[in-house]
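Colleague: I've got a new one open on my screen and I'm a bit lost. Walk me through it, please.

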Number of protein chains: 2
Amino acid sequence: MVAVPSLFSLRHLLVLSLALNVSLILRALYHESGEGNKWWFCFKKKMMADAESWLAISSTPSLHNSTREKVINLDHGDPTMYERFWRQMGDKTTITIPGWQSMSYLSDVSKICWFLEPEFATEVVRLHRVVGNAVTEGRHIVVGTGSSQLILAALYALSSPHAAEPISVVSAAPYYSSYPSMADYQKSGLYQWAGDAENFDKEGPYIELVTSPNNPDGYRRKSMVNRSQGLLIHDLAYYWPQYTPISSPSDHDLTLFTASKSTGHAGMRIGWALVKDKEVAKKMTKFIELNTIGVSKDSQLRAAKVLKAVSESCEQENHQNGESFFKYSYNLMAQRWKQLREVVDAGDMFTLPQFSPAFCTFFGKETEPQPAFMWLKCVDVEDCETFLRGHKILTRSGRQFGASPKYI
Amino acid sequence: MVAVPSLFSLRHLLVLSLALNVSLILRALYHESGEGNKWWFCFKKKMMADAESWLAISSTPSLHNSTREKVINLDHGDPTMYERFWRQMGDKTTITIPGWQSMSYLSDVSKICWFLEPEFATEVVRLHRVVGNAVTEGRHIVVGTGSSQLILAALYALSSPHAAEPISVVSAAPYYSSYPSMADYQKSGLYQWAGDAENFDKEGPYIELVTSPNNPDGYRRKSMVNRSQGLLIHDLAYYWPQYTPISSPSDHDLTLFTASKSTGHAGMRIGWALVKDKEVAKKMTKFIELNTIGVSKDSQLRAAKVLKAVSESCEQENHQNGESFFKYSYNLMAQRWKQLREVVDAGDMFTLPQFSPAFCTFFGKETEPQPAFMWLKCVDVEDCETFLRGHKILTRSGRQFGASPKYI
């Protein structure tokens, strides 16, 4: 059994403050001086305290629970960094649901996705129009319990129950480290993980997961296997202005988004798919029926309110004093990446991905990618994860992403 | 692809008003008189209007959507019948969630089920204590997106990834008609539907789903395959005082409950499992991680409030004027079953299951089972579903429950 953390943060926002912190710690470790030692001691003490709340769900409870040994766990992520913005919004996104409301299984029986709340669907369309990151015309919206459920629903919908063998599922390395276990944990006869898309040379149909910007390295991605029988799932969880320049509205057959990455509301467990083909949308809906008989109405209603507030914050920005959600979150990410690069560049142990700026249609200016993850390379160490574990810093090895262990 | 309705109501409360209605209609059809005809015409007209809202999710949209032909769809269920009670409760179960709350993935990292909200867990334990229908001591609570997800999580947890072949999954006929498709839709190599538990004679390990009271027929159930290598999942969705006499607290290895059946809140998609074995609870949690990375916090918080109100309504009943939730729902079911039996008994076309009364520890008196479903038998017709379809009444054939087509 894979332990909790090996899955947990894989596709979540790695708490960038901790990412920054570890860099500072590493810098301290390798640039020790009289002054540095003192600073390092205080800093480490603070970081240990910050990180302590994460320890209990670590895969190695004996490491820290029984002995109370202090470690810093960067193998987890939780997108709570936008909480301050939502506090500033006050009651605007407060949801009130009376006990007698939303009792039915059904939401809108005129839609293929009969458990999709109309208010939520409306706000999804509106937000994509405001941000300009996805075409929604001619698409069926399928709501899911987070985008994880939608990835599984898409694998189910794109595979055939009558095929002679499971369809291959690929993604270009480094890929989201949960993809292999998500594809294989049920030992499904419908689909099967087949590894790195770049090395995939099997004939016949396949499903390619295209994650753009990519988790973990933050680069923009296109399909890697350019063949006729490929079925594509575009996982665009991070295609929002705070993480990457918006170049044009995405326009694919099957595209996934999620509230946890766009607005930071991971606890709602709400994702959505934009699906061109009616039969695929039907099969995805069927999957969710068999899996969970729909998706929490409470969270859909709450998500509708949150997405509406995001759209309004963008529309009203020029007329009011308030700052749009994306301006807030962009600035927050920019500040963290600035600090992160400063500490990494100050030493020669580690490198970070380098990005080129591009024009962002949303901000109307050039911006630079600011991924939600730190894809760190150890320059002179072969196994970066083991090395850092020796310094009581838990990370996820590049191996789990189908990449070199030099990375974490 | 199995169409929407074949799954949909299988394990949900069949709207008993519609069940009653169809009986009245059937009575009218076969006891036509001058007065009856007039009554029948008015009644059918009303029923058609009532049923119309259900039509759009039928498997045969051409039947009613394009031609707007009127049918009565009893193949669906939706537990909205307790709505009036919850309206009477006013603001007591109203939930208010600010936009900045419940953003994290995590709930209580000290628990195996790290996405379980502590408030919800507390109210689950309290309600079972108040009702006396389940032992919670020494159990791990695993929350699920409805009990459907927990059934799948349990199949995953009880099967072995290293087994030579998928473990057999059985249940005694008539069984919940979704079990076969839930077990098989992923073509899992871990588990496989093996049909009626009474005819199961394969050697080796197996999983038996024990549904008690049973969906669809309402009878109390025990394990049917009495062998040493059996792993049992007790689906006790209907083991609540309004549906069946509570004889003693259930005390099994793995027991499932759901809000949709106990309180009628299907739209919340909240179920819970009481699990004795720590490793099983861990594997179920792992399944939900890989499937949906947790369960909506909003709905868990709302469910906590609803369960709390149910417990308080029971505890305060003797001191205040208000009626407990179970007294209300018991009386509602009793009234509907009385009417249902009256119309069925007035003719000789159909029969209903007969139950013996038993002492209910919750009410402190003898009560009679009042299932959430109508398990109707056609006396002289071999294929009851086809027969009723001819009269524009959609039902689910006994065949889908592993039983005779004389039943619907």
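Colleague: Which residues in helix 7 of chain A meet helix 10 of chain B?

Modeller: A:Ser148, A:Gln149 and A:Leu152 do, and they meet B:Leu290, B:Asn291 and B:Thr292. "Meet" here goes by contact, meaning heavy atoms within 4.5 Å. Helices (H or I, at least four residues) and strands (E, at least two) are DSSP runs, numbered from the N terminus.

Colleague: What should I know about where these values come from?

Modeller: This is a predicted model, where local features need pLDDT of at least 70 and side-chain atom pairs count only at pLDDT 80 or more, while totals for chains, interfaces and linings use all residues. Residues are numbered from 1 along each chain as its sequence is written, chains are lettered from A and ligands numbered from 1 in the order in which they are written, and side-chain values use heavy atoms, with hydrogens and water left out.

Colleague: What rotation superposes chain B on chain A?

Modeller: One of 180 degrees, with 0.0 Å of shift along its axis and an RMSD of 0.0 Å. The two copies are thus related as by a two-fold rotation axis. The same surface serves both copies, too: 100% of the contact residues of chain B recur in chain A. The superposition is by least squares on the C-alpha atoms of residues with pLDDT of at least 70 in both.

Colleague: New topic. In what order do the strands of the open sheet in chain A run?

Modeller: It goes 3-9-8-7-6-4-5, seven strands with mixed pairing. Strand 3 and strand 5 (191-196) of chain A are at the edges with a single partner strand each, so one side of each has no neighbour in the sheet. On average, neighbouring strands of this sheet are turned by 25 degrees against each other, direction ignored. Two strands pair if DSSP finds at least two bridges between them.

Colleague: Is strand 9 of chain A buried or exposed?

Modeller: Six of its six residues (270-275) are buried, so strand 9 of chain A is largely enclosed by the rest of the structure. Buried means under 20% relative accessible area, exposed over 50%, partly exposed in between (1.4 Å probe, protein chains only). A:Ile270, A:Trp272 and A:Leu274 are on one side of the strand, with A:Gly271, A:Ala273 and A:Val275 on the other.

Colleague: Which way does strand 3 of chain A pair with strand 9 of chain A?

Modeller: In the antiparallel sense, over six bridges. A:Thr145 stands opposite A:Ile270 there. Strand 8 (254-258) of chain A also runs antiparallel to strand 9 of chain A, with five bridges, and A:Leu256 has A:Ala273 as its bridge partner.

Colleague: And how do strand 7 and strand 8 of chain B run?

Modeller: Parallel, joined by two bridges. B:Asp235 is partnered by B:Leu256.

Colleague: What does helix 6 of chain B lie across?

Modeller: Strand 3, strand 8 and strand 9 of chain B, at about 70 degrees to strand 9. Over in chain A, the axes of helix 6 and helix 11 come within 8 Å and cross at roughly 25 degrees. Helix 6 and helix 11 of chain A are therefore roughly parallel to each other, and their crossing is left-handed.

Colleague: Last one: how many helices and strands are there in chain A?

Modeller: There are 13 helices and 14 strands. Of the 408 residues in chain A, 62% are buried.

Notes: Axes are lines fitted to C-alpha atoms, for helices over the stretch in contact, and angles run from 0 to 180 degrees between N-to-C directions. Angles under 35 degrees count as roughly parallel, over 145 as roughly antiparallel, 65 to 115 as roughly perpendicular and the rest as oblique. A crossing is left-handed if the near helix is turned anticlockwise from the far one by less than a right angle, and right-handed if clockwise.
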